[in-house]
Amino acid sequence: MIVYFSGTGNSRYIAKSIANINKQKLINMGELLKYKKDLPENPSGIYVFVAPMYAWKLPRIVESFIRREKFNKGSKAYFVLTAGLANGNANKSIYELCAEKGIECLGCACITMPENYIALYSAPSPEKEKQIIAKADKAIISFAKAIAQNKPFKDTPPSPMGFLLSTIVNDVFYKFIVKDRKFWANDNCIGCGICEKACMLNNIKLVDGKPKWLEQCTHCMACINLCPKQAINYGKGTIKKRRYYLE
Ligand SMILES: Cc1cc2nc3c(=O)[nH]c(=O)nc-3n(C[C@H](O)[C@H](O)[C@H](O)COP(=O)(O)O)c2cc1C
């Protein structure tokens, strides 16, 4: 069973590709979160979790989802993280989480995908985006093969300073940056409700036809990147930035 969390499509793309190659069941964790559901039964006991890298770690929302789910004895899991840049030392906390849940971790891989975090960085140009995805496509095939044969992955090694990035920097990031008060919608907003629907945490409500953020944001960037009118911004820094969403 392949379970993915994805704000802007990268992790869904990888999860779908692996599911297509291996003919495995695909589950959208975002929907489970939105509708407060649990993972369905998984008779094989083998999970493939695909998620973006957030501040050099598995997103906290994904970690807490896995933490509260029940897994049968003998369950095994692969982790595939999609990252705009690097993986820090994300593997360490994933192995710890698996140990806590009695899951055997069969490996943590990090695949570079286009950057989606336009609140702080810029998405690549369409040209560059194509190149990055073409490179990722090659990596996916080898990971899918290993998964099909139940073989462990070779973990992606930590990046330089990974220890600091995935601990102190991650903590500071969540404490000070992962807030929604800088999101706003300008007059181009047509009140279509796409942002409300896309928000996996039900953190957006339309009030008088405009989105209102309710302080439970995880910065997945779905709302800002999906808005068909480019009406949503984060502070002023995103006004002229290219939006990124992989269908
Ligand atoms: C809140 C947030 C934090 C991020 N932190 C990192 C990071 O630490 N390292 C990195 O390489 N990319 C980082 N990124 C980029 C994403 O991991 C990357 O673009 C990912 O493929 C997005 O996946 P998605 O489209 O499935 O949501 C971050 C993106 C967001 C939204």
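**Notebook: fold, surface and domains of the chain**

I began with the contacts: residues 24 or more positions apart account for 75% of those in the chain with a separation of 6 or more, a contact being heavy atoms within 4.5 Å. I note that this is a predicted model, in which local features need pLDDT of at least 70, side-chain atom pairs count only at pLDDT 80 or more, and totals for chains, interfaces and linings use all residues. Residues are numbered from 1 along each chain as its sequence is written, and side-chain values use heavy atoms, with hydrogens and water left out.

I looked up the secondary structure and found 8 helices and 9 strands, taken as DSSP runs (helices H or I, at least four residues; strands E, at least two).

I then turned to overall dimensions. The C-alpha trace spans about 55 × 35 × 35 Å along its principal axes. The radius of gyration is 18 Å, which agrees with the value near 18 Å for a compact globule of 247 residues; the rule is 2.2 Å times the number of residues to the power 0.38, over C-alpha atoms.

For burial, I recorded 54% of the 247 residues as buried, meaning under 20% relative accessible area with a 1.4 Å probe, protein chains only. The chain exposes about 12,600 Å², of which carbon and sulfur atoms supply 56%.

Domain 1 covers 2-173 and domain 2 covers 179-234, with bounds from an automatic or database domain assignment. Their centres, taken over C-alpha atoms, are separated by 25 Å. At the boundary, 14 residues of domain 1 are in contact with 14 residues of domain 2.

Definitions and conventions
Buried < 20%, exposed > 50% of the residue type's maximum accessible area, 1.4 Å probe, protein only. Areas by Shrake-Rupley, 256 points an atom, 1.4 Å probe, with all protein chains shown as cover.
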